[in-house]
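Student: Could we walk through this model together, one question at a time? I would like the cut-offs spelled out as we go.

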Amino acid sequence: MTVFYNGLYHGIYTSIVTVIEMLTALLMVLIGFLPAAVAEPFSYLFMQRALMTSLVVGTVCGVLSCFVVLKRWALLGDAISHAVLPGVALAYLAGIPVIVGAFLSGALTSLGIGFVQRNTSIKEDSAMGLMFTAAFALGVVIISRIATSTHLMHVLFGNVLGVDMPMLATTFTAGFIALVLVFFFYKEFVLYAFDAVHASAIGLSTTAIHYGLMLLLTLTIVTSLETVGVILVVAMLIVPGATASLLTRHLPSMIAISVAVGVTSATVGLYLSFVMNVASGGTIVLVGFCLFVVAALVAPAGPLRSWLRRARTAPGVPA
Amino acid sequence: MTTEHAPSIPALAISDLTVAYHETPVLWDISLTVPAGSITGVVGPNGAGKSTLIKTIMGIVPPAGGEIRLFGGLSGKERRRVGYVPQRASVDWDFPATVLDVVLMGCYGRLGWFRRPRRGDLERAREALETLGITNLEHRPISELSGGQQQRTFLARALLQDADLYLMDEPFQGVDATTERAIAGVMRRMQGEGKTLVVVHHNLETVETYFDSLIMLNVRLIAQGPVAEVFTEQSLRATYGGGFP
Ligand SMILES: Nc1ncnc2c1ncn2[C@@H]1O[C@H](COP(=O)(O)OP(=O)(O)OP(=O)(O)O)[C@@H](O)[C@H]1O
Ligand SMILES: [Mg+2]
């Protein structure tokens with residue numbers, strides 16, 4: 001039986017790796033068109049893996065980010081991202097994939113937040129603060145018992161340059177699952193984000209949608225762990241959606257812009273961190289923030305447009 | 001499936017309903033019936049529990065006690081035949097959606113999980129927009145609507161829901177005379193199609209024009225029945241207290 005599962009696992013893993021390698025080859029053809037100076041770093045295998053990871057993370061975070069921003073779940077995103085830490089530490093100790101431990105502890109904490117909220121008089125924001133700091137503290141305590149903490153530093157702050165093929169395969173699979181789920185439940189998620197009361201009035205289970213969306217958020221956070229780390233992942237869940245919401249009032253365009261912002265910050269951040277030899281996670285988030293600032297300036301309601309409008313309608317020079 | 005009912009079965013029958021958010025009940029021992037095919041008004045001062053009553057019927061707020069029968073049934077199954085038009089302020093109008101997107105949400109309940117609106121749904125949505133006189137707003141982002149246009153959008157969504165009983169929370173709130181006439185016209189039209197409407201209302205001057213039947217509420221039920229019988233100075237004073245002239 002074990003042999004069968006090992007064989008099955010191996011088969012699946014090999015096919016995922018094949019898909020990734022094909023996509024990477026395709027990507028390299030495209031990169032071949034870029035100026036040599038820009039394309040050069042991507043001749044390294046680790047940079048190719050890092051680029052693939054950034055693309056996946058940028059896309060998935062871009063999509064989920066819209067729901068986080070619209071549902072005002074920024075704090076929840078922060079909560080879950082901190083809550084994955086004990087799972088990461090325990091998985092590291094037990095020698096199981098970090099991503100599995102992270103998902104389990106993130107999911108448990110989101111359920112815990114819901115439980116505290118429903119069964120005590122404590123309000124949502126306090127319930128979140130309570131549960132995620134407790135989980136994070138547990139993570140810190142467990143980590144302090146582990147001697148070599150460099151790996152865990154990477155979990156905290158991300159190290160996309162160190163992603164190996166098994167990690168990339170896991171990120172790729174988790175990201176793919178997240179996107180498929182959004183595709184199938186798009187209608188329900190949008191309705192829930194806009195008017196949860198109407199959703200329950202027409203007989204959809206809002207509890208199911210709520211926890212489904214929370215688990216999806218956890219999955220996305222886990223996907224991004226290797227790239228930007230626990231502390232900074234919430235930026236990837238807020239910045240793309242917030243930037244897109246400044247520029248459009250149309251949800252499909254908002255998701256498209258958000259994905260573009262996510263992918264741009266992840267890839268440009270990766271490139272800059274390589275050539276300047278600085279931390280990748282921080283660089284990615286900073287690029288995203290710069291995009292946000294630019295969008296805020298040029299947005300329809302932004303200062304640049306209103307300045308232009310004022311200049312145009314200002315009393316003209318007398319003829 | 002048929003929407004016809006023996007006239008003896010009321011669309012809504014509530015007995016001994018009590019609702020409390022915390023310790024003090026906001027609705028106390030309410031028993032009432034809404035005849036099928038009627039337009040029934042719900043009046044009472046701010047905080048009387050009108051919205052709470054509607055939310056309890058919709059299953060959004062759990063009751064502390066009592067019984068709610070929809071079309072004679074007790075299960076949640078009948079709730080599918082109930083449409084809910086919430087108070088306008090209950091959603092975020094900055095949400096990136098167009099008027100058509102919101103109206104189409106009316107058919108999501110019928111569609112169920114996974115399925116997307118199809119051509120037929122789109123046609124019905126356009127009909128609903130036309131009925132409410134907002135065809136020209138189809139592709140307008142909802143963040144750019146006036147209060148009256150928002151209300152018409154909500155009503156168009158309700159039309160698409162194809163319910164038999166509609167619960168409307170202050171559909172006339174903050175709309176101008178034209179929109180008020182348009183909404184009242186749509187209500188009458190819905191009644192003509194055999195629908196039952198329960199409408200929370202504030203303007204006492206128009207009660208007699210719009211409603212056949214009335215529920216007067218102030219935590220407890222003050223009076224209910226045909227407007228001509230219950231809309232009296234005595235019951236108004238009992239509902240609105242000493243503040244009523
Ligand atoms: N979510 C809630 N939690 C706690 N108390 C609430 C909640 N919603 C309403 N209440 C209280 O219940 C009472 C009834 O409120 P409700 O909204 O049903 O009144 P209403 O008749 O609709 O008033 P209005 O005319 O102002 O809309 C009020 O005292 C209100 O403070
Ligand atoms: Mg109300």
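Student: What share of the residues of chain A count as buried?
Tutor: Happy to start there. Buried means under 20% relative accessible area, exposed over 50%, and partly exposed in between, with a 1.4 Å probe and protein chains only. Among the 319 residues of chain A, the buried share is 48%.

Student: Before we go on, what sort of model is this, and how are things numbered?
Tutor: This is a predicted model, where local features need pLDDT of at least 70 and side-chain atom pairs count only at pLDDT 80 or more, while totals for chains, interfaces and linings use all residues. Side-chain values use heavy atoms, leaving out hydrogens and water, residues are numbered from 1 along each chain as its sequence is written, and chains are lettered from A and ligands numbered from 1 in the order in which they are written.

Student: How many helices and strands does chain A have?
Tutor: Helices (H or I, at least four residues) and strands (E, at least two) are DSSP runs, numbered from the N terminus. Read along its sequence, chain A gives α-α-α-α-α-α-α-α-α-α-α-α-α-α. The count is 14 helices and 0 strands.

Student: Which share of the contacts in chain A between residues at least 6 apart joins residues at least 24 apart?
Tutor: Contact means heavy atoms within 4.5 Å. Taking the contacts in chain A between residues at least 6 apart in sequence, the share that joins residues at least 24 apart is 74%.

Student: How many aromatic pairs are there over all chains, and how are the rings of Phe185(A) and Phe189(A) arranged?
Tutor: Rings of Phe, Tyr and Trp (its six-membered ring) pair if their centres lie within 6.5 Å; planes under 30 degrees apart count as stacked, over 60 as edge-to-face and the rest as tilted. The search of the whole structure finds 17 aromatic pairs. For Phe185(A) and Phe189(A), the centres are 6.1 Å apart and the planes stand at 45 degrees, so the pair is tilted.

Student: Why does the pair of Phe194(A) and Phe95(B) join two chains?
Tutor: Their rings are 5.3 Å apart centre to centre with 55 degrees between the planes, a tilted pair. Phe194(A) is buried at 4%, and Phe95(B) is buried at 2%. Phe194(A) lies in helix 9 of chain A and Phe95(B) in the loop between strand 5 (82-85) and helix 2 (99-104) of chain B, so the pair joins two chains.

Student: Which charged residue sits over the ring of Phe183(A)?
Tutor: A charge sits over a ring if NZ of Lys or CZ of Arg is within 6 Å of the ring centre and within 35 degrees of the ring normal. Phe183(A) is part of one aromatic cluster, with members including Phe67(A), Trp113(B) and Phe114(B). The charged end found over the ring of Phe183(A), 5.1 Å from its centre, is that of Arg116(B).

Student: Which backbone atoms does the side chain of Ser65(A) reach?
Tutor: A polar contact is a pair of N or O atoms within 3.5 Å; within protein, one must be able to donate a hydrogen and the other to accept it, and residues adjacent in sequence count only if both atoms are side-chain atoms. Ser65(A) lies in helix 3 (residues 45-70) of chain A and is buried at 0%. Its side chain reaches the backbone oxygen of Leu237(A) at 3.1 Å and, at 2.5 Å, the backbone nitrogen of Gly241(A).

Student: Which residues of chain A is Gln161(B) in contact with?
Tutor: Gln161(B) is in helix 5 (residues 147-161) of chain B and is buried at 11%. A polar atom of its side chain lies 3.5 Å from the backbone oxygen of Val82(B). Leaving aside neighbours within four places in sequence, its contacts include His198(A) and Ile202(A).
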